[in-house]
Amino acid sequence: MSIRAYIALALWFLTFGVLLLDAHWAALWPSIVAVSTVFLVRRAITGLLAGATSAMILLHQGNPASAFVAFFSDHLLPSLQSSWNLSILIFTLLLGGFAAVVSKGGGINALLHRWIHNQRAGRRMLMASAYGLGLACFFDGLANSLLVGRTLQEPSRRLGISGEKLAYIVDSTSSAVACVAVMSTWIAYQLSMIREGFTLAGVEATSNPFHLFLQSIPYNFYCWFTLILLAVVILKDWNLGPMRLAEAEALNSGKPDDASESLSEAQVSHPAKSLRAIIPLLILTFGLLAGLYWDGTGGNLFPLHLSRVSEAFGKADAALVMLVVSSLACLTAVLLNAPSIRKQGVSVSATFMEGVQHLFQPICILISAWIFSSTLEPLQTVNVLAAILQGQFPNWLFPLVVFLTGALISFSSGTSWGTMGVLMPLALPLAIHLSNAPDGPLVIGTIAAVFSGAVFGDHCSPLSDTTIVSSISCGIEPFAHVRTQLPYALLAAFVAVMAGFLPTGLGTPAPASLLLGGALLVSLSFLFSRNQPSPHA
């Protein structure tokens, strides 16, 4: 074993020492073990399982036998028996087969032919297309990551775009978009957390939770600056930190001649080839949107207005809708692409199963993440961390402190909803107490700071489902994705602090902060990419 592996193993064995200390912060130890192991051995499954087994040792007072049995009975089996988890697993595998069929049928190449004229224009256009598709899939972050990553993985590789760059684009347009969208599977949970905060404060809100949520959207600085930074990165092809090496390696190993051949006029000129991809993608994208609304309203579609649509998205059984719509999209893709695939001497079922089998190992990573999250719940890790960080701060610092606290909680636990659930009831009542009005700027800024902090960890924690799914859908290891994305996430967080939450605490309107932060990001891109060698040279 390498020295990194020995260090990780030593950290795991220190769990028995933590038991002897009987410290309040012992509940944080499994998160420390998991994160450290992921970074040391660069394997997500190893880190997640190391954290989970460390948690089991703590929960069973150092008894390995009972911890081993409980690992399966209390955490693995319940994770696999959850209807939501099973739906997500099936949906993930179906998306693997869907992407393989659509890609093999030639429809994606036909679509890209209209956009790609040379390697430089093609790279930028494909990255922009991934960005646009990510924005279009605003209604669910997980579906967003799976759809965009699996669909564009192969075309991006042919154009010399690294899996790391594609995963960064995919991940940055998943949770960040879902969190600020007025219609998403997040909305009901977000509104309930706002209502819970007001209930704990013992006051009646002068505005309803939905109105407060709408007011908080412009103050959700981390999400907005993540999206703005991504646009700047695509326009300038700005590679920051480890992303430079990943992009250089992808360009050196790319096959532009093969890409030109696959996109030749003779192969893709017929419009029907594009429809082989367009129709299944439309069914998948708009089918999810329509299905969520249908399920959330119980089939009563009218009257149709924004608040009702938002409420319906929150009430819908998203897992069931995703499963049904993905099955329909797969069936459509198979029917439309079967003739083209058979002409290549390959069976449709073999093509579909190849895509499914490609996701088997990543599925194991996802299951490991669920197990780890399950072991943290009885330890009350999130509650302990929030209690340690809770304190009194000046009014103007409060939104900043809330954002940083949420970012630390979400990064260490990998859960955005868990962060919202523990932090909103703590932060919002205090903000109401400090504010002159229950719906004043400080309260609105605090709501947004909770959401931003929660998304930070969901965006870049190696323990986050979205981080794992984004990486595996783009064909790379989660550690490689975290390592290359983290500099961008930290930059967006830095700008959110300096141009967003600090000025908000001092009374600066959100539009002014957004303009200031956007200008700062553009300026930094020019400053730090001035001497960067062109990836197209």
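Trainee: Where is the place of Ser36?
Mentor: Ser36 sits in helix H2, residues 29–41. Keep in mind that this is a predicted model.
Trainee: Is Ser36 buried, exposed or partly exposed?
Mentor: Partly exposed. The relative accessible area of Ser36 is 22%. The cut-off for buried is under 20%, and exposed means over 50%, so 22% falls in between.
Trainee: How far apart are the C-alpha atoms of Ser36 and Leu11?
Mentor: They are separated by 8.4 Å. Along the chain, Ser36 and Leu11 are 25 residues apart.
Trainee: Let's zoom out. How many helices and strands does the protein have?
Mentor: There are 28 helices and zero strands.
Trainee: And what share of the residues is buried?
Mentor: Of the 537 residues in the protein, 58% are buried.
Trainee: What about contacts between residues at least 6 apart in sequence: what share joins residues at least 24 apart?
Mentor: That share is 80%.
Trainee: Which residues touch the most other members in the largest nonpolar core?
Mentor: Phe98, Ile194, Tyr222 and Leu229. That core holds 150 residues.
Trainee: Take Phe98. What does it touch, skipping residues up to four places away in sequence?
Mentor: Phe98 touches Pro280, Leu281 and Leu284, and also Ala329, Cys330, Ala333 and Phe352.
Trainee: Switching to charges. How many salt bridges are there?
Mentor: Two. One pairs Asp237 with Lys165, with the closest N and O atoms 3.1 Å apart.
Trainee: Where do those two partners sit?
Mentor: Asp237 is in the loop between helix H13 (221–236) and helix H14 (243–253). Lys165 is in helix H9, residues 163–172. The pair links distant parts of the chain, 72 residues apart.
Trainee: Which residue forms the other salt bridge with Lys165?
Mentor: Glu247 does. Here the closest N and O atoms are 3.5 Å apart.
Trainee: What is phi for Gln61?
Mentor: Gln61 has a positive phi of about 55 degrees, and it is not a glycine. Gln61 is in the loop between helix H3 (44–59) and helix H4 (64–81).
Trainee: Buried or exposed, that Gln61?
Mentor: Gln61 counts as exposed because it has 63% relative accessibility.
Trainee: On to helix packing. At what angle do H13 and H25 cross?
Mentor: Roughly 45 degrees. Their axes come within 7 Å, and helix H25 covers residues 441–460. H13 and H25 are therefore oblique to each other.
Trainee: Which residues meet there?
Mentor: From H13, Phe221, Tyr222, Cys223 and Thr226. From H25, Ser452, Val455, Phe456 and His459. The contact of H13 with H25 has five nonpolar residues, three polar and no charged.
Trainee: What about H26 and H27: what is their angle?
Mentor: About 105 degrees, with the axes 8 Å apart. Helix H26 is residues 465–473 and helix H27 is residues 478–505. H26 and H27 are therefore roughly perpendicular to each other.
Trainee: Which residues make that contact?
Mentor: Thr467, Ser470 and Ser471 of H26, plus Pro478, His481 and Val482 of H27. The contact of H26 with H27 has two nonpolar residues, four polar and no charged.
Trainee: Last one. Where is Gln485?
Mentor: Gln485 is in helix H27. Gln485 counts as buried because its relative accessibility is 0%.
Trainee: What is Gln485 in contact with, leaving aside neighbours within four places in sequence?
Mentor: Ala167, Tyr168, Asp171 and Ser172, along with His459 and Cys460.

Definitions and conventions
Residues are numbered from 1 along each chain as its sequence is written. This is a predicted model: local features need pLDDT of at least 70, side-chain atom pairs count only at pLDDT 80 or more; totals for chains, interfaces and linings use all residues. Side-chain values use heavy atoms; hydrogens and water are left out. A nonpolar core is a set of buried Ala, Val, Leu, Ile, Met, Phe, Trp, Tyr and Cys residues joined through side-chain atoms within 4.5 Å. Buried means under 20% relative accessible area, exposed over 50%, partly exposed in between (1.4 Å probe, protein chains only). Contact means heavy atoms within 4.5 Å. A salt bridge is a side-chain nitrogen of Lys or Arg within 4 Å of a carboxyl oxygen of Asp or Glu. Helices (H or I, at least four residues) and strands (E, at least two) are DSSP runs, numbered from the N terminus. Axes are lines fitted to C-alpha atoms, for helices over the stretch in contact, and angles run from 0 to 180 degrees between N-to-C directions. Angles under 35 degrees count as roughly parallel, over 145 as roughly antiparallel, 65 to 115 as roughly perpendicular and the rest as oblique. Ala, Val, Leu, Ile, Met, Phe, Trp, Tyr, Cys and Pro count as nonpolar, Asp, Glu, Lys and Arg as charged, and the others, Gly among them, as polar.
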